[in-house]
Amino acid sequence: MAFTEIPMLHLSESRSEDSKPAFLRKLRDALLNVGFLYIKDAGIDQDLYDRVCEEGIRFFDLPDGEKLRIEMKNKASFLGYSRLGNEITAQQADWREQLDLSTPHPLRKESDPLYYNLLSPNQWPKEELLPAFKTTFEQYMRQMSDVSMYFMTLIAESLELPADAFETFFDKDQQHKLKVVKYPDSGDGVGQGVGPHKDSMLTSYLLQASHHKGLQAQNMKGEWIDCPPIRGTLVVAIGQGLEALTGGVCASTTHRVISPAGGEGARFSIPFFQGVSYDAKFESMDVPDHVRALRKDILEREGGRRDDVEFTFVKGRWNHLGEATLMNRIKSHPDVGERWYPEQLKQIRRQQTEEAIAKQRNSINEISDPTTPSLVGQHGQPIKAH
């Protein structure tokens, strides 16, 4: 049956030989059936969670001039502050403002591929305004890096693969990313906090920093299931990269964020996105046949899925993951594209125009020919390259 709630897994169970087999079975069920789950006991102190939330919320109280000093379009890295309504999902503005950070890396060399611009130093707010902000988030990103890499070994084992099966897809000094996000409860754009999408990489980990509901995951029937905040937990979303790598065995689930209702105050969240080597070439791994069969049985029982999207990671479309990621970032942040990647932005806009014309032509053909198969259910949600 299509899931009606998000499962909760206690990561501490994976660290005991007695409870680990049962944990891996529960994890595999969540991967195949849901693609979304809560994890508790991740190994991060509640004090750090609380400090991250407090510092993140304080950031948005800074004067506009200070936030714009570190605006994303100032750099080619897509790291920095984005104004309210400045990111695009499903060709509509997301009603949120945010700060994008990553684990630190040096600037790209001239001889490096263009997508190495994504590997760059952060833009930080002034220390005198937020004295503990940088140290708190650097500590959190270090610890979340460890959590995410450990969790990938558990995913591998739950699929009866070697624990290090995904190791080749990571750099030794792997970049991971993080957002600090505010969703206001007022303004012209209230409604679409973030439009329906799938995360692009392998796994992401959301720390919900306020009491508001808003995050929803879509099940195979197309129904939206609430993912309310639960103290001491992270919400794990499986990305399109992992679905592609496992030949469709691991479900990447469409999700969205609804803005808070008027008068409820702003919603805050802090998602951490596990990175993958930008030089990686995505090809399906050798998942055991009986594991693939489990996923096939689920899809057949449910009559397919209602949220199919086109893979970003299609063999032959891109030489490397970094190329796909860079183009997706330009699509989501056209102001950065206009300043740093004008030719790539022109290419994206040409493609969007061609797709719109093709879609209109198909709609006309469907109306004129009632025998044309329906495309209902193929929502075409975008892939977010965070």
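Buried here means under 20% relative accessible area. The model on screen is predicted.

**Helix 1.** Select residues 20-33, which form helix 1. The helix has 14 residues and spans 20 Å from its first C-alpha to its last, close to the 20 Å expected at 1.5 Å a residue.

**Its buried residues.** Within helix 1, show the side chains of K20, F23, L24, L27, A30, L31, L32 and N33, the buried residues of the helix. Residues three or four places apart on an α-helix point the same way, because there are 3.6 residues a turn.

**Helix 4.** Keep helix 1 and helix 4 in view; their axes come within 9 Å and cross at roughly 85°. Helix 1 is therefore roughly perpendicular to helix 4. On the helix 1 side, select K20, F23, L24, L27, R28 and L31. Their partners on helix 4 are F151, L154, I155, E157 and S158. By type, the residues of this contact divide into 7 nonpolar, 1 polar and 3 charged.

**After the helix.** Move on to G35, which follows helix 1 and has a positive phi, near 80°.

Finally, select C53 and C227. Are they buried or exposed? C53 is buried because its relative accessible area, 13%, falls under 20%. C227 is also buried, with a relative accessible area of 0%. For disulfides, the count in the model is 0.

Methods. Residues are numbered from 1 along each chain as its sequence is written. This is a predicted model: local features need pLDDT of at least 70, side-chain atom pairs count only at pLDDT 80 or more; totals for chains, interfaces and linings use all residues. Side-chain values use heavy atoms; hydrogens and water are left out. A disulfide is a pair of cysteine sulfur atoms within 2.5 Å. Buried means under 20% relative accessible area, exposed over 50%, partly exposed in between (1.4 Å probe, protein chains only). Helices (H or I, at least four residues) and strands (E, at least two) are DSSP runs, numbered from the N terminus. The expected span of a helix is 1.5 Å times one less than its number of residues. Axes are lines fitted to C-alpha atoms, for helices over the stretch in contact, and angles run from 0 to 180 degrees between N-to-C directions. Angles under 35 degrees count as roughly parallel, over 145 as roughly antiparallel, 65 to 115 as roughly perpendicular and the rest as oblique. Contact means heavy atoms within 4.5 Å. Ala, Val, Leu, Ile, Met, Phe, Trp, Tyr, Cys and Pro count as nonpolar, Asp, Glu, Lys and Arg as charged, and the others, Gly among them, as polar.
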